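Hi,

Here is the structure I promised to pass on.

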Amino acid sequence: MTTTPPPSPAAATDEATFMAGLRALKAWSGLSFRQLERRASAAGDTLPSSTASTMLGKNRLPREELLVAFVRGCGPGEEHVRAWVAARTKIIKRTAAAPIAAPLRHAAWRRPVIVAMALAMAFAGGSAVTALLGSGSIDTEETVVVTR
C-alpha cells in the first residue's frame with residue numbers, strides 16, 4: 001500500500017465508474033490477486049484470485065460479499081468497506097428507480113427473430129404445399145423446328 005489515501009467510491013454514479021474505482025483500489029493496494037486472496041482469507045472472507053480477476057474485468061456490480069472480501073483484502077479499513085457497500089447499494093437503488101431501459105435493450109433482437117420465424121414458417125408451408133400437390137415436376141411441351 002502507498003501513503004496516498006485509497007480511492008473512494010464517492011464519485012461512482014454507475015456500474016462502470018464503480019468498477020473503475022475498484023480497479024484503482026487494487027492498483028492502490030499494490031497487491032497481486034494471490035496476495036488479495038490470502039489477505040481476504042486471513043480476514044475470514046473467501047476471495048479466489050480468479051474470481052477477483054474476473055470481477056475487475058467486467059463493468060457489472062459484484063455481489064456484496066465479494067465486494068466486502070475484495071475491499072478488505074485491499075486493506076484500507078472497515079470504514080472504506082462500509083463506504084464501498086453503501087455506494088454499491090446507492091447505484092442499485094438508482095438503477096431500480098430509473099425508467100425501465102433493460103427490456104428495451106433486449107427488444108432489438110425481437111423483430112429480426114420474429115421475421116426469421118415468419119420466413120421459416122412460410123418456407124416450410126410452401127414446401128409442404130408443393131409436396132402435397134405432386135412430384136413438383138412440370139410437364140412441358142417440346143416444339144421441334146425442322147429446316148431444309
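Searching the whole structure, which is a predicted model, turns up 4 salt bridges. As you know, side chains of opposite charge can pair when their charged atoms come close.

E37 pairs with R34, and their closest N and O atoms are 3.7 Å apart. Both residues belong to helix α2, which covers residues 33–42, and they are 3 residues apart, about one turn of the helix.

Next, E65 forms a salt bridge with R63, with 2.9 Å between the closest N and O atoms.

R72 and E78 also meet through their side chains, at 2.8 Å from N to O. R72 has a relative accessibility of 28%, so R72 is classed as partly exposed. E78, at 36%, is therefore partly exposed too.

Now to the rings. The structure contains 1 aromatic pair. It is formed by F18 and W84, whose ring centres are 5.2 Å apart and whose planes meet at 80°, so the pair is edge-to-face. F18 sits in helix α1 (residues 15–29) and W84 in helix α5 (residues 78–97), so the pair ties together parts that are 66 residues apart in sequence. Are these two residues buried or exposed? Both F18 and W84 are buried.

There is a charge over a ring as well: the charged end of K26 sits over F33, 4.5 Å from the centre of the ring.

Which residues of α1 are buried? They are F18, M19, G21, L22, L25, K26, W28 and S29, so the list holds both F18 from the aromatic pair and K26 from the charge over the ring of F33. What covers the buried residues of α1 includes α2, α3 (49–56), α4 (64–74) and α5. Just after α1 comes G30, which takes a positive phi of about 75°.

I hope you enjoy looking through it!

Best wishes

Note on methods. Residues numbered from 1 in each chain as written. Predicted model: local features only at pLDDT ≥ 70, side-chain atom pairs only at ≥ 80, totals over all residues. Heavy atoms only, no water. Helix = DSSP H or I, 4+ residues; strand = E, 2+ residues; numbered from the N terminus. Buried < 20%, exposed > 50% of the residue type's maximum accessible area, 1.4 Å probe, protein only. Phe/Tyr/Trp six-rings, centres within 6.5 Å; stacked < 30°, edge-to-face > 60°. Lys NZ or Arg CZ within 6 Å of the ring centre and 35° of its normal. Contact = heavy atoms within 4.5 Å.
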